[in-house]
Amino acid sequence: MSGPHNSRRDEIRSYVTGYSLALALTCAAFASVHWRGFTPTTTLCIVFGLALLQIVVHFRYFLHISLRRSARDDLLLILFSTLIVILMVSGTLVVLFNLRERMM
């Protein structure tokens, strides 16, 4: 039976799973920083790794982007937008640090 009721149930289950994973990843990142069980460099690597996993969880469960053929176009659009934002932010930082060096 694959009516609209089951489709809605699957969608809610997907959101709950995504929310649970996102919450667990966020708590793990905060716990790794709060309890200082690792060196600062290791903690930074753990937080960056958890952030990348968080991005994957958001893409999969909230934006519904997977590696299927039809979703690849959406993924390419998001990756291109990310590239543009990174270029803009890094260019702004270069200009600001250059101005800072000239003023010092």
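Select Arg13 and Asp10: both sit in helix α1, three residues apart, about one turn of the helix. Helices here are DSSP runs of H or I with at least four residues, numbered from the N terminus. This is a predicted model, where local features need pLDDT of at least 70 and side-chain atom pairs count only at pLDDT 80 or more, while totals for chains, interfaces and linings use all residues. Residues are numbered from 1 along each chain as its sequence is written, and side-chain values use heavy atoms, with hydrogens and water left out.

**Salt bridges.** Stay on that pair. Arg13 forms a salt bridge with Asp10, with the closest N and O atoms 3.4 Å apart. The rule asks for a side-chain nitrogen of Lys or Arg within 4 Å of a carboxyl oxygen of Asp or Glu. By this rule the count is two. For the other, select Glu11 and Arg8, whose closest N and O atoms are 4.0 Å apart. Glu11 and Arg8 are three residues apart in helix α1, so about one helical turn separates them.

Now colour by accessibility. Buried means under 20% relative accessible area, exposed over 50%, and partly exposed in between (1.4 Å probe, protein chains only). Asp10 is partly exposed at 44%. Glu11, at 32%, is partly exposed, and so is Arg8 at 49%.

**Ser14.** Next, pick Ser14 in helix α1 (residues 4–34). Its relative accessibility is 16%, so Ser14 counts as buried. Leaving out residues up to four places away in sequence, Ser14 touches Tyr61 and His64. Contact means heavy atoms within 4.5 Å.

**Rings.** Move to Tyr15 and Phe62. A search of the whole structure finds one aromatic pair. The ring centres of Tyr15 and Phe62 are 6.2 Å apart and the planes meet at 20°, so the pair is stacked. Tyr15 lies in helix α1 and Phe62 in helix α2 (residues 40–62), so the pair ties together parts 47 residues apart in sequence. Pairing of Phe, Tyr and Trp rings (for Trp, the six-membered ring) needs centres within 6.5 Å; planes under 30 degrees apart count as stacked, over 60 as edge-to-face, the rest as tilted. Tyr15 is partly exposed at 32%. Phe62 is partly exposed at 27%.

**Last stop.** Select Leu93 in helix α3 (residues 69–103). Leu93 is partly exposed, with a relative accessible area of 40%.

Terms used: Helix = DSSP H or I, 4+ residues; strand = E, 2+ residues; numbered from the N terminus.
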